[in-house]
Amino acid sequence: MQSLRNLFRAAWSSDAKLDGKTAVITGANTGIGKETAIDLAKRGARVIIACRDMEKAQTALKEIIERSGSDNVVCMKLDLSDSKSIREFAEAINKDEPKLNILINNAGVMVCPFGKTADGFEMQIGVNHMGHFLLTYLLIDLIKRSAPSRIINVSSMAHAWGSINLEDINSEKSYSKTKAYAQSKLANVLFTRSLAKRLEGTGVTAYSLHPGVVQTDLWRHLSIFEQIFMKIASPFTKNSVQGAQTTIYCAVEPTLENESGGYYSDCAPASCSNAGKDDDLAQKLWELSCRILSISWE
């Protein structure tokens with residue numbers, strides 16, 4: 001019902017400015033990440049796009065600068081499937097950037113064949129959750145010093161079909177690409193919930209969101225049958241500009257300043273699954289993530 005109501009609501013827009021603010025957006029060389037970067041740059045933010053493929057990133061950078069009219073945009077290398085790359089990126093940000101007001105954990109892989117990250121994690125949980133968990137951990141002190149700040153985790157309605165397999169988080173016993181994707185998107189919702197609790201009183205707020213069914217490069221691993229289905233459904237899917245709106249809403253909407261830990265869709269609060277509200281599961285996932293990343297984050 002909520003999504004139906006949202007269909008008929010006036011489109012969200014805001015003239016909020018971001019002058020003097022710095023934003024990091026992962027995976028911003030394509031799709032909704034790129035559109036988010038253009039929007040935030042137009043609002044006056046310094047935008048750092050963090051991308052794995054630097055050749056594609058340079059092309060995207062030119063487009064973002066041209067379309068936003070801002071030259072305060074830079075690209076930096078970040079491979080979320082490799083903790084060494086994540087640590088190098090975070091070290092550079094902490095050294096060179098005096099502040100970080102908005103972190104948008106947007107990059108993701110979707111329903112890909114079984115593969116492992118450089119650290120031995122299943123690719124979807126590794127990139128979509130573990131990589132962003134580690135990145136946020138490494139940047140959190142800078143983000144706190146820059147408060148008021150926001151952390152945005154791009155999830156998906158697919159989280160509702162997911163469960164967290166704490167005994168086999170890397171899907172080594174059995175692998176279903178759709179289950180592994182849904183698990184990683186549920187992890188985004190739970191991470192946001194846990195993060196918000198730990199950040200109470202710091203001036204840093206956290207949000208997770210469903211961007212809508214967006215026609216993007218993430219579709220590349222879908223089977224022919226799945227792609228045909230998505231094309232049939234395309235009147236109900238969004239282009240990247242529309243798909244980016246809820247991310248932008250969570251990053252800039254002034255009324256969200258005192259909200260934290262929630263899940264959003266169509267530029268409005270939305271209901272997540274029961275598993276997404278399970279604080280006990282969220283805590284167990286947090287502890288497991290810290291353990292396998294070899295970090296201590298109370």
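Q: What makes Arg198 count as lying over the face of Trp286?
A: In this predicted model, Arg198 is 3.9 Å from the ring centre of Trp286 and lies over its face. A charge sits over a ring if NZ of Lys or CZ of Arg is within 6 Å of the ring centre and within 35 degrees of the ring normal.

Q: Which residues form one aromatic cluster with Trp286?
A: The cluster comprises Phe133, Tyr137, Phe191, Trp286 and Trp297.

Q: Why is the pair of Trp12 and Tyr249 called edge-to-face?
A: Rings of Phe, Tyr and Trp (its six-membered ring) pair if their centres lie within 6.5 Å; planes under 30 degrees apart are stacked, over 60 edge-to-face, and the rest tilted. The centres of Trp12 and Tyr249 are 5.4 Å apart and the planes stand at 90 degrees, so the pair is edge-to-face. Eleven aromatic pairs are found in the whole structure.

Q: How do you know that Trp12 and Tyr249 are buried?
A: Buried means under 20% relative accessible area, exposed over 50%, and partly exposed in between (1.4 Å probe, protein chains only). Trp12 has 16% relative accessibility and therefore counts as buried; Tyr249, with 8%, is buried.

Q: Why is the pair of Phe133 and Trp297 edge-to-face?
A: The ring centres of Phe133 and Trp297 are 5.2 Å apart and the planes are at 65 degrees, so the pair is edge-to-face. Both Phe133 and Trp297 are buried.

Residues are numbered from 1 along each chain as its sequence is written. Local features need pLDDT of at least 70, side-chain atom pairs count only at pLDDT 80 or more, and totals for chains, interfaces and linings use all residues, while side-chain values use heavy atoms, leaving out hydrogens and water.
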